[in-house]
Amino acid sequence: MKLLLCMATKFEVMKLSRFDAVVKHSIDFVLALVLLGLTGWIILIAAALAAVQTRTNGFFVQARVGRNGRLFRAIKICTMWRVIDETTITTTVTASNDKRITPLGRILRKYKIDELPQLFNVLLGQMSFVGPRPDVPGFADQLQGEDRCILSLRPGITGPATLYFRNEEDLLALQADPEKYNREVIYPKKIELNKKYLREYSLWRDFGYMLKTVIDVDKIRGMPDGFIKGLLNRIWRMVLESFRLVVRIIVSVWAMVIFLCLSPLLFLIAILIRLNLGSPVLFCQPRPGLHGKPFNIFKFRTMTDARDAQGNLLPDEFRLTPLGKFLRVSSLDELPELINIIKGEMSFVGPRPLLMEYLPLYTQEQVRRHEVRPGVTGWAQVNGRNAISWENKLKLDIWYVDNRSFWLDIKIVLMTIAHVIKCKNINQTGHATTTKFPGNVDMYKRLSASKLLIIGAGGHGRVVADAALSSRQWEEIIFLDDAWPELSNSGPWKVQGKVENLEYWRSICDDAIVAIGNGITRLNLLQKLKDANFNLAIVVHPSARVSTLAKMGPGSVAFANSVVNVGADIGLGVIVNTGAIVEHDCILSSGVHICPGVCMSGGVYVEKLAWIGIGSVIRQFLSIGASSIVGAGAVVVSDVPDNVTVVGVPAHAMRETSGKNCGVSPDASLLVTNK
């Protein structure tokens with residue numbers, strides 16, 4: 001009985017949330033309706049041709065196992081000769097060499113046109129665009145134990161298992177016993193893939209599976225892989241932007257509905273402000289929005305314009321009226337920001353829009369709060385609001401940027417309502433409102449004793465130390481190197497020990513980085529630092545140009561005069577050396593080393609532990625394989641495979657590296673024990 005209860009509990013966990021299920025079904029319905037309108041003529045023509053060749057009505061209808069084990073009738077275009085005696089059929093699988101497939105059927109099956117009528121099944125709610133393929137009775141309905149969680153999903157036209165076995169019919173054609181191979185090899189693998197899909201479900205993954213179904217990269221000829229990856233990346237971004245636009249429209253519509261419902265209250269507050277404070281009723285001020293773009297925020301006015309004898313505004317506590325205090329305590333002064341939401345300048349939840357004058361005062365990490373639209377409320381507001389320090393407030397904003405989700409937004413809205421009712425943390429202690437953001441100058445004074453631990457006291461380590469001190473984020477460098485005590489100094493800095501007892505050094509400094517050129521060693525040591533609870537530092541020289549719309553991974557460095565442009569994604573422990581240029585939308589995976597003077601065009605994808613030599617040039621939209629080496633001065637005009645060294649102009653393969661020069665093979669773990 002306990003075993004059955006445990007299995008039931010596990011089964012309950014392995015299913016989509018109610019919200020995800022509703023959103024998925026809604027998108028399926030709308031998309032199926034649109035696609036049927038676009039492809040209806042293709043279905044009719046294909047069915048008519050199939051009817052002539054197979055002497056049927058052109059459609060093939062068969063019972064399949066659907067959600068929760070219920071049977072439904074799946075619709076496809078007929079692609080096989082009509083079988084008079086169905087008792088002669090002894091197999092449930094179809095190989096590509098099946099003699100029952102018609103010549104037209106082979107074409108329809110190759111381009112998946114025979115699957116188009118299943119859009120009707122999606123429209124009726126029997127299927128989804130993404131999910132496990134609908135099986136005939138005898139497979140899905142026979143699942144046992146945890147495997148039955150798959151039945152909580154609607155069958156899909158495509159999915160991870162479908163894409164994995166994209167050439168299933170050809171694979172079956174090679175088997176002596178296709179039926180046995182399907183039951184013992186293919187079907188168990190499909191179950192594993194579908195369970196993983198359920199565990200890791202997200203709407204974005206569904207869009208990705210649909211995109212991969214439409215565009216089969218393996219079948220595109222005459223194009224380099226880098227170009228294809230760049231193309232797919234842009235298409236994916238277009239899909240994301242389209243979805244975000246839909247979300248923005250929905251948010252604006254909700255804001256408009258709320259604004260109309262609250263219009264009597266807004267009108268009453270406006271009258272009270274007009275009688276008590278005069279005109280204007282609204283407070284309007286430029287604030288930085290998404291990506292720092294300025295917009296005018298609207299709030300109800302809560303202060304007078306009282307000034308001293310020199311014409312300067314008096315402090316907040318002298319200008320804040322009793323009505324203004326009530327509006328601020330109750331947060332009613334924020335209601336006009338619904339106008340900003342309707343205009344698309346703000347959202348309900350996000351980092352609060354601060355003053356324009358704060359923009360140049362942020363650190364590179366703090367400015368990331370502008371990667372999302374500002375909100376009426378936010379994670380910092382429900383975790384202390386004005387009662388916490390600026391440093392903690394900005395850290396909470398960055399945490400929200402990295403962890404935002406629909407459910408987190410709902411949680412923040414509910415917590416905001418509770419805080420408003422309790423009137424918590426409205427003002428900073430000892431102030432009528434809050435103090436101004438002091439900026440980095442004051443922060444550096446508070447961090448006068450800040451230390452950076454650097455592992456690796458060679459020449460590279462000295463360059464990292466110089467960049468770290470020049471950035472003014474740290475004022476003291478602590479070097480560790482296993483060559484100590486033979487290596488006692490690194491330039492002007494003293495080496496203070498070997499890479500051991502990291503818990504002790506953690507008590508002395510919070511931040512650490514690895515300054516070792518070898519990629520695998522660098523990643524191993526970064527993992528050790530992470531395990532010891534160090535903050536993996538990001539070091540950027542002041543003369544480096546790192547876009548606020550680029551991402552720098554933990555443990556990465558950007559040296560003097562280097563450029564990391566818009567949309568670039570720099571992974572864990574990446575070195576962008578002196579004067580190197582990493583153009584827009586490049587992706588640099590973990591442990592990559594970019595040497596001085598490298599010029600990397602837009603959309604380049606560099607896989608883990610690759611080494612790009614001094615002064616080399618890489619054409620746009622190419623891919624550089626894992627653990628590969630690009631020689632000094634090489635001009636790369638085509639994709640570089642894994643574990644290969646390329647040299648020359650144009651670059652050509654010289655030898656395989658076998659992962660020895662700069663890391664491990666791409667199939668191995670990135671973070672392994674350093675021998």
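# Close-up views of a predicted model

**View 1. Four parallel strands in an open sheet.** Four strands make up an open sheet in the order β10-β9-β13-β14, and their pairing is parallel; strands here are DSSP runs of E with at least two residues, helices are runs of H or I with at least four residues, and both are numbered from the N terminus. Two strands count as paired if DSSP finds at least two bridges between them. At the edges lie β10 (476–480) and β14 (535–536), each of which pairs on one side only. Five bridges in the parallel sense connect β10 with strand β9 (residues 451–455), and leucine 453 stands opposite isoleucine 478 in β10. The model is a predicted one, in which local features need pLDDT of at least 70 and side-chain atom pairs count only at pLDDT 80 or more, while totals for chains, interfaces and linings use all residues. Residues are numbered from 1 along each chain as its sequence is written, and side-chain values use heavy atoms, with hydrogens and water left out.

**View 2. The protein chain as a whole.** The secondary structure of the protein chain comes to 19 helices and 33 strands. Of its 675 residues, 46% are buried, where buried means under 20% relative accessible area, exposed means over 50%, and partly exposed lies in between (1.4 Å probe, protein chains only). The accessible surface comes to about 34,200 Å², and 60% of this belongs to carbon and sulfur atoms; such areas come from the Shrake-Rupley method with a 1.4 Å probe, and for residues only the protein chains shown count as cover. Among the contacts with a separation of 6 or more, 53% are between residues 24 or more positions apart, a contact being heavy atoms within 4.5 Å.

**View 3. A six-stranded open sheet.** Six strands with parallel pairing form an open sheet in the order β16-β19-β22-β25-β28-β31. Its edge strands, β16 (545–546) and β31 (635–636), each pair on one side only. Within the sheet, strand β19 (residues 563–564) runs parallel to strand β22 (residues 581–582) and is joined to β22 by two bridges, with valine 563 standing opposite isoleucine 581 in β22.

**View 4. The hairpin of β5 and β6.** Strand β5 (residues 282–288) pairs with strand β6 (residues 294–300) in the antiparallel sense over seven bridges, and phenylalanine 283 stands opposite lysine 299 in β6. The two strands form a hairpin with five residues between them, and histidine 291 in the turn has a positive phi of about 60°.

View 5. In soluble globular proteins, nonpolar side chains tend to be buried together. A nonpolar core is defined here as a set of buried Ala, Val, Leu, Ile, Met, Phe, Trp, Tyr and Cys residues joined through side-chain atoms within 4.5 Å. The largest such core has 34 residues, of which Leu588, Met600, Val606, Ile612 and Ile624 touch the most other members. Valine 606 touches Ile587, Leu588, Ser589, Val592, Met600, Ile612 and Ile624, when residues up to four places away in sequence are not counted. A second, separate core of 31 residues includes Phe129, Val136, Leu163 and Ile191.

**View 6. Asparagine 182 and its surroundings.** Asparagine 182 lies in helix α7 (residues 178–199) and counts as buried because its relative accessibility is 5%. With residues up to four places away in sequence left out, asparagine 182 touches Val93, Phe139, Glu168, Leu172, Tyr187 and Pro188.

**View 7. Salt bridges.** The whole structure holds 22 salt bridges, each a side-chain nitrogen of Lys or Arg within 4 Å of a carboxyl oxygen of Asp or Glu. In one of them, the side chains of glutamate 115 and arginine 133 meet at 3.1 Å, N to O. This pair links distant parts of the chain, since glutamate 115 is in the loop between α3 (103–110) and α4 (118–123) and arginine 133 is in the loop between β3 (128–130) and β4 (156–158), 18 residues apart. Glutamate 115 has a relative accessible area of 13% and is therefore buried. Glutamate 371 and arginine 368 also meet through their side chains in a salt bridge (3.0 Å, N to O), and arginine 368 is buried, with a relative accessible area of 16%. Salt bridges that share partners join Lys299, Asp333, Glu334, Glu337 and Arg352 into one network.
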